[in-house]
Amino acid sequence: GLSTQPIWRKLWDDVMKTRPPNSENITCWRKKFLETFFSNVLHGVLDVSSDWRLNDHHFSPLLHSSPHVSQLTLCNMLQGAVELTAEHNQEVLENLAGSLQILKFQHLLSSDQSIRRSLVLLLHRLIHHGSVSQVSMYSWPVPDTVLLVLILSMSAGFWRSGNALTYHSGLCGLCREEDEAQSQGSAQEQAERGRDEREWSNGENRKRSPRMREEADAEVNGCRADTPLSSVLSGPRSPPLRNQACGEASSEVPCEHASVQGGSASRRVSRRLSCHPALRKTRRRPKSAVGKKGRSLRRSRRLYADPEDLYDFVFTVAREDNAGLLDKNSAMEGESAENWTSSSPGSPCAGHTGSKKRGGCAGIFSLKAAHRFRSVSTLELFSIPLTGETCRTLSNLLSSWVSLENLVLSYNGLGANIFCILSGLRALSHHSDCHLRVVRVSDVFSHMPCMELVRYILSAFPQLHTLSVSFDLKNQLEGNRPEGNPSCSEAEIPESCLEQLEIRFPREPLHTTFLLPVLKVSKSLQQLSLDSATLPGSQELGLLLEALRECNPNLKKLSFHDVNLAEHQKEVLLLLQDPVLQEITFSFCRLFESSTAEFLSEIINTVKRNSSLKSLKLPGNRLGNHRLVALADIFSEDSSSSLCQLDVSSNCIKPDGLLEFTKKLEGHIQQRGGQIQFTHLRLFQNWLDQDAETAQEALRRLKAVCSVVNDSWDSSQAFADYISVM
């Protein structure tokens with residue numbers, strides 16, 4: 001029953017010798033210490049020899065801490081990947097395969113082939129045969145296309161087997177075990193099929209007349225080794241029962257005649273054909289679906305002549321075109337972005353997706369050229385520019401990534417390429433076993449109106465739980481869509497499972513005409529956030545609130561940020577008295593820009609009567625000292641409020657005003673006999689540095705009442721920065 005948290009906290013101070021970031025949010029110091037310890041040793045930040053407790057040749061820091069690591073970040077030249085795949089760290093890698101859940105890449109640089117080979121081994125073990133469920137990439141201003149595609153494809157579960165997946169000697173042991181199991185299963189299946197065919201053949205033979213049996217025997221005997229090939233090819237042909245051996249022969253060589261007598265005869269003919277020097281070159285593998293359970297790993301190993309060259313995997317379009325892998329009738333598991341676009345000329349990706357038949361492009365590979373392994377469920381890309389070629393590759397991967405549950409694309413410079421991503425998502429939505437539940441898209445410029453994008457995504461994925469669309473600025477070229485693409489606002493939206501909707505408008509008007517249909521089909525909506533929208537008319541907000549009351553009875557959290565509500569005081573009061581909402585945010589909404597003292601009193605009285613509201617956030621609304629002091633009356637003796645959290649950040653509050661608020665709050669608490677539910681107060685970016693002594697006294701007394709979160713903000717510097725950008 002004794003906690004070891006203080007011991008681990010002291011170990012942090014002794015060993016790390018740094019201040020832990022966000023220490024107030026750390027719930028388990030043991031986990032935090034061991035994860036950071038592992039990362040610092042791996043990247044050479046921590047010198048083990050500098051501490052006498054760690055400087056022991058019998059002690060392996062990485063091996064000791066690896067079972068406790070649930071997330072790992074690889075940076076720069078991927079030195080960590082090289083170290084983890086070294087032969088002396090095989091046991092460390094095995095531990096990580098069982099414990100690691102989140103793999104992050106940050107500030108990556110271009111790397112040579114030996115480093116990429118190490119990365120392949122690492123990703124194959126941790127993702128394909130491990131427990132990593134999330135891959136996140138951050139801050140890669142000029143991404144290496146080969147490296148980026150490599151990480152994306154292996155995260156999606158695609159990779160070719162072969163010598164590239166060796167651990168210093170022999171194949172990956174787990175792949176070899178799977179290969180052997182599949183080979184045994186395939187052999188058993190073939191034996192059963194052959195037995196069934198022989199039984200069927202014997203039964204048919206018994207039904208035939210003696211003359212028919214003699215003719216059949218003669219036909220089989222015509223395939224002996226000493227029989228001329230021309231006589232075999234020119235022999236009588238019967239309606240086929242094509243088997244696997246015939247399917248693997250070249251399409252230019254007719255072999256249907258050999259299959260009528262059962263599996264043994266057809267296999268003999270297939271062997272004769274495959275041994276002939278003129279026909280051996282035309283022999284090719286059958287087209288098949290990606291990732292089928294019965295596909296043997298040995299077949300995928302024969303796809304590449306030089307498995308050491310990672311470029312062969314990424315840039316294989318021309319060779320696969322020649323091999324006939326673009327057959328329209330191929331049974332791919334899921335539609336590729338290109339196939340879907342070509343079959344749907346009105347799709348959003350039309351005109352923006354490169355066609356493989358026109359020669360292809362770097363970064364795109366056929367999904368049939370790789371074996372399908374386990375894939376991650378969360379993919380996050382932050383501040384990584386995606387070119388058109390990379391977007392088409394990602395779209396191709398997304399089209400069959402059925403295990404994907406969370407997709408985050410943040411500041412990737414998509415532009416018009418967003419239509420390509422949408423086409424891949426649309427193809428993914430056609431899979432009945434699609435698991436996508438969270439989609440977050442944010443960027444600087446929008447290439448289509450936010451509401452159109454929201455409606456389009458929801459029409460394809462009504463099963464989404466969270467949808468976030470955020471853009472900073474409106475693209476001047478918005479509206480110049482590819483010819484033939486219908487407006488996404490016309491997309492019909494089915495009943496959805498949406499629980500959280502976040503929209504950041506690039507200074508677009510908030511037309512309820514487009515938002516209301518989304519709200520009406522989202523009966524399960526619990527959180528709604530509207531950011532940086534402009535209200536084109538005085539009636540728009542009223543219509544929105546009416547729709548929320550009628551269509552979204554489960555709505556618990558409502559947030560407005562940077563939306564001018566100065567002229568909408570009536571609607572603000574209606575929201576504050578809503579009996580269902582538990583959290584309301586008016587952030588930088590200019591609430592008191594043109595208001596009177598009566599409006600503030602009405603807000604206080606409304607909140608006092610609302611027993612369901614738990615959190616009220618009012619950052620950036622110019623409260624000042626006098627309005628902050630007035631807000632203390634929310635907790636007066638006659639109040640029935642259940643308010644637990646109050647956020648008054650960025651409100652020009654000075655130390656003397658905070659002290660007066662504290663004294664008034666203490667008086668109300670005393671009147672109520674100490675019975676108060678208020679627990680959290682947020683004070684970020686206020687003018688508390690103007691009188692440090694008064695501010696410290698106010699904070700000291702406040703912390704005896706509730707949890708206070710503030711920062712050491714330099715108000716004078718902030719004002720100077722504000723003036724400098726005016």
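Start with Ser 642. Its relative accessibility is 10%, so Ser 642 counts as buried; buried means under 20% relative accessible area, exposed over 50%, partly exposed in between, with a 1.4 Å probe and protein chains only. Before going on, the ground rules. This is a predicted model, where local features need pLDDT of at least 70, side-chain atom pairs count only at pLDDT 80 or more, and totals for chains, interfaces and linings use all residues. Residues are numbered from 1 along each chain as its sequence is written, and side-chain values use heavy atoms, with hydrogens and water left out.

Where does Ser 642 sit? In the loop between helix H25 (624-631) and strand S15 (645-647). Helices (H or I, at least four residues) and strands (E, at least two) are DSSP runs, numbered from the N terminus.

What touches Ser 642, leaving aside its neighbours within four places in sequence? Asn 610, Ser 611, Leu 613, Lys 614 and Gln 677 are in contact with Ser 642; contact means heavy atoms within 4.5 Å. Look at Ser 611. Its backbone oxygen lies 3.0 Å from a polar atom of the Ser 642 side chain.

Second stop: the strands. Pairing here means that DSSP finds at least two bridges between two strands.

Take strand S6 (residues 378-382) and strand S7 (residues 406-410). They run parallel, joined by 5 bridges. Glu 380 has Val 408 in S7 as its bridge partner. From S6 the chain passes through helix H18 (residues 388-398) to S7, in a right-handed β-α-β crossover. Right-handed means that, with the strands pointing away from the viewer, the path from the first strand over the helix to the second runs clockwise. S7 itself is mostly covered, with 4 of its 5 residues buried.

Next, S7 to S8. These two pair in the parallel sense over 5 bridges. Leu 407 stands opposite Val 439 in S8. With helix H19 (residues 418-429) between them in the unit, S7 and S8 make a right-handed β-α-β arrangement.

On to strand S8 (residues 438-446) and strand S9 (residues 466-474). They pair in the parallel sense over 8 bridges. Arg 440 is bridged to Ser 468 in S9. The crossover from S8 to S9 goes through helix H20 (residues 450-460), and this β-α-β crossover is right-handed.

Last pair. S9 and strand S10 (residues 500-504) are parallel, with 5 bridges. Ser 470 finds its bridge partner in Arg 504 of S10.

That's the tour.

Terms used: A polar contact is a pair of N or O atoms within 3.5 Å; within protein, one must be able to donate a hydrogen and the other to accept it, and residues adjacent in sequence count only if both atoms are side-chain atoms.
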